[in-house]
Amino acid sequence: MGRIRWHVVVFLAPAVLVYTAVMIFPLFDTLRLALFNAEDKARIFVGLANFKRLFLDPIWSEQFWNALANNFWFFLIHMLVQNPIGIALAALLSSPKLRFAALYRTAIFVPTILSFVIVGFAWKLILSPIWGIAPSMLDAVGLKSLFAPWLGKEEYALTTLALISVWQFVGIPMMLIYAALLSIPEEILEAGEVDGITGLSAFWKIKLPLILPSIGIISILTFVGNFNAFDLIYAAQGALAGPDFSTDILGTFMYRTFFGFQLQLGDPYMGSAIASAMFGIILIGVCIYLFGIQRRLRHYQF
Amino acid sequence: MTKTLKGALLLSVLGTGAWAQDVTLTIESWRNDDLKIWQDEIIPAFEAEHPGIKLNFTPSAPAEYNAILNSKLDAGSAGDIITCRPFDASLALYEGGKLADLSDLEGMSNFSDVAKSAWVTDDGEHPFCVPMGAVIHGFIYNKEIFEELGLEEPTTVAEFYDVLDKIKEDGTYTPMAMGTNDQWEAATMGYQNIGPTYWKGEEGRTALISGDAKLNDPQFTEVFTELAKWGDYLGDGFEAQTYPDSQNVFTLGRAAIYPAGSWEVSGFNNLADFEMGAFPPPVAAEGDTCYISDHTDIGIGMNAATEHPEEAKTFLNWVASPEFSKIFANALPGFYPLASEPVEITDPLAAEFASWRDQCESTIRSSYQILSRGTPNLENELWNASAAVIKGTETPEEAANRLQEGLASWYENQQ
């Protein structure tokens, strides 16, 4: 030993430097900033006081728990709606009998590449009670009575936005599962066929167990993505996450606190505390997945 | 080298020399609606008089302005000239050393203390923004619809609801164009519009600051009681109706009345093809004193870190001059110059708003001075409470109690 392989260092250096500068350093600086507060314009060390305020002081905690609960609901809808639909679409697409599969695949994936802003505004217009096409389309099939200003009602707004997000991103689980399904060797399916397992039961008994690791990865991607979400809510409902904070998630709560909004001035210290809390929540979620689920998943080798 | 090439080189060198002497001042603002007016009228007028100084007006979206401006100032990339929100948002910038002290700017003598009040330190010693414009609240209405239905401008609260009921009964038009989606319109065009009538303008506003009155006292709760009645007149799906939606509904002639701030005048003039009228917030009984919100809304100051302080001061002095007042008042009808020297307003609708200054008592928005300094921020809370009351998801009493509790949690005079 003792010989440093310099070419490894040289090739890794750019990535290490860039990641340290734009990710690792800011992350630790945010965690550090969360331990300070401003008093008479001087920055003083306050330890965990910001977190105590965030979790226990009613003014802050009410907003925090509201945002966290909304975030869980947002995530749950993605898990219950987006991922099963994505898997089902992938299963349909991988069926050799389906014609125009490439066309469907592209059409379903297109919303994913659209910007959040376009998606937010397009759906806001579609659902608008004044200009939107949703009321007249429902009217055309005699279901006008079902229409409500969904984005303006506390009860529906968050679910509506979550479903819009599902519409936008269902292409991602679909593509990942599709790739996983394609990688299942023909021999296994043929062996199943010999044993009389075909059609749907082939999916449930052979394919699904084989793609479970992919589903696990998708779940954790959904989790991280949803708990870092911000753009769609901001584009559709603004930083106040209306109506009455019913669509407020951790991302919008942090934005409002950190940068300030309208007359409320930005508070980088409390903002950092929220950012740190978000980081902690995601870290816990990822750890539960890695140690609780990932380790139990069996991997198959062919 | 050929002669022509030499000549071209020489010319280009001379050219860049001349360019280099020009100083470009960048102006930060939240008035993205005014981009055209700045480019077509205000900037050419200034540049014609001050060769060598160029202006670049770079507005951002109103609700994000403070956030964007603060981060730009912290990063050192903000423009030379900063458009100032009234009161605390700008005071914080001055105290943070971001806005320059303008006590020695000659143009400041053109303004009264009241005009300066929104942009001066608490002791009144150091002004930091030149007052530019005030906005007045009231109601704009569609004269054609009023004529068609045989309605008259209401002066009392009873008449106001009578008019709304008649429009609703007729069924052709939405009585009032307002939504609660963006929340601020409910507070600004609702609460702060009719509110001063109930809390008697400055009397109620200053009592809140001194702690003599509370936000859940009857004169403040009553405002919410009135707002709660508005929900019936706002048309289907107002919960999801945005501010631009409301503007469009009104200018397309689909709604009869628009709870407004005078800043709408210039925009509406371009969009509506019907005649518009305006009436001040209605009073309880015929002959009562009327109160209007005449809010000092826009100031303009200098980035303390600007590289061109002399040129920036030249510009600010020009903004303080009667010449600018005249251009501003008529290019942007609905924004009223704050300079002591009166300016004639040619736009009839804007002049209508201004005429209330003679009949009614003026005040500014109750939540702006001092009361939005802490967390929870009273102004932001008001948005939320006003919207909730109009939607009926919170009762007037609940809303008022919640606001009072929030204010008392950090404001000593209210504890």
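**A covered helix**

Modeller: In helix H11 of chain B, the buried residues are B:Tyr243, B:Asp245, B:Ser246, B:Gln247, B:Val249, B:Phe250 and B:Thr251. Buried means under 20% relative accessible area, exposed over 50%, and partly exposed in between (1.4 Å probe, protein chains only). Helices (H or I, at least four residues) and strands (E, at least two) are DSSP runs, numbered from the N terminus. The model is predicted: local features need pLDDT of at least 70, side-chain atom pairs count only at pLDDT 80 or more, and totals for chains, interfaces and linings use all residues. Residues are numbered from 1 along each chain as its sequence is written, chains are lettered from A and ligands numbered from 1 in the order in which they are written, and side-chain values use heavy atoms, with hydrogens and water left out.

Biologist: Is H11(B) mostly covered or mostly open, and what covers its buried residues?

Modeller: H11(B) is mostly covered, since seven of its nine residues are buried. The cover includes E4, helix H8 (184-199), strand E6 (255-261), helix H12 (264-271) and strand E7 (276-279) of chain B. Just after H11(B), B:Gly253 has a positive phi of about 80 degrees.

**The nonpolar cores**

Biologist: Which residues touch the most other members of the largest nonpolar core?

Modeller: A nonpolar core is a set of buried Ala, Val, Leu, Ile, Met, Phe, Trp, Tyr and Cys residues joined through side-chain atoms within 4.5 Å. Here the largest core has 143 residues, and those touching the most other members are B:Val130, B:Phe224, B:Ile257, B:Ile300 and B:Phe315. Strand E4 (residues 129-142) of chain B gives this core its largest share, nine residues. A second, separate core of 21 residues includes A:Ala67, A:Ala277, A:Ile281 and A:Tyr289.

Biologist: What is B:Ile257 in contact with?

Modeller: Contact means heavy atoms within 4.5 Å. Leaving aside neighbours within four places in sequence, the partners of B:Ile257 include B:Phe139, B:Ile140 and B:Tyr141, together with B:Phe250 and B:Phe279.

**The interface**

Biologist: How is the size of an interface expressed?

Modeller: It is often given as the accessible area lost when the parts come together. Buried area is that loss (1.4 Å probe), summed over both parts. Chain A and chain B bury about 2,800 Å² between them, 59% of it on carbon and sulfur atoms. In this interface, 28 residues of chain A are in contact with 36 residues of chain B.

Biologist: How many salt bridges are there between chain A and chain B?

Modeller: A salt bridge is a side-chain nitrogen of Lys or Arg within 4 Å of a carboxyl oxygen of Asp or Glu. The count between chain A and chain B is two, and over all chains it is 18. One pair is A:Lys153 and B:Glu239, whose side chains meet at 3.3 Å, N to O. A:Lys153 is partly exposed at 25% relative accessibility, whereas B:Glu239 is buried at 11%.

Biologist: Where in chain B do B:Asp40 and B:Lys36 lie, and how far apart are they?

Modeller: They are four residues apart in helix H2 (residues 35-49) of chain B, and are therefore separated by about one helical turn. B:Asp40 is partly exposed, at 45% relative accessible area, and B:Lys36 is exposed, at 59%.

Biologist: Which helix holds B:Glu202 and B:Arg205?

Modeller: Both lie in helix H9 (residues 202-210) of chain B, three residues apart, about one turn of the helix. B:Glu202 is partly exposed at 33%, but B:Arg205 is buried at 6%. Elsewhere, B:Asp88, B:Asp122 and B:Arg373 are linked in a network of salt bridges.

**A serine in a loop**

Biologist: Which side chains make polar contacts with the side chain of B:Ser103?

Modeller: A polar contact is a pair of N or O atoms within 3.5 Å; within protein, one must be able to donate a hydrogen and the other to accept it, and residues adjacent in sequence count only if both atoms are side-chain atoms. The side chain of B:Ser103 makes such contacts with those of B:Asp101 at 2.4 Å and B:His126 at 3.5 Å. B:Ser103 lies in the loop between helix H4 (88-95) and helix H5 (113-116) of chain B, and is partly exposed at 40% relative accessible area.

Conventions
Buried area = accessible area lost by both parts, 1.4 Å probe.
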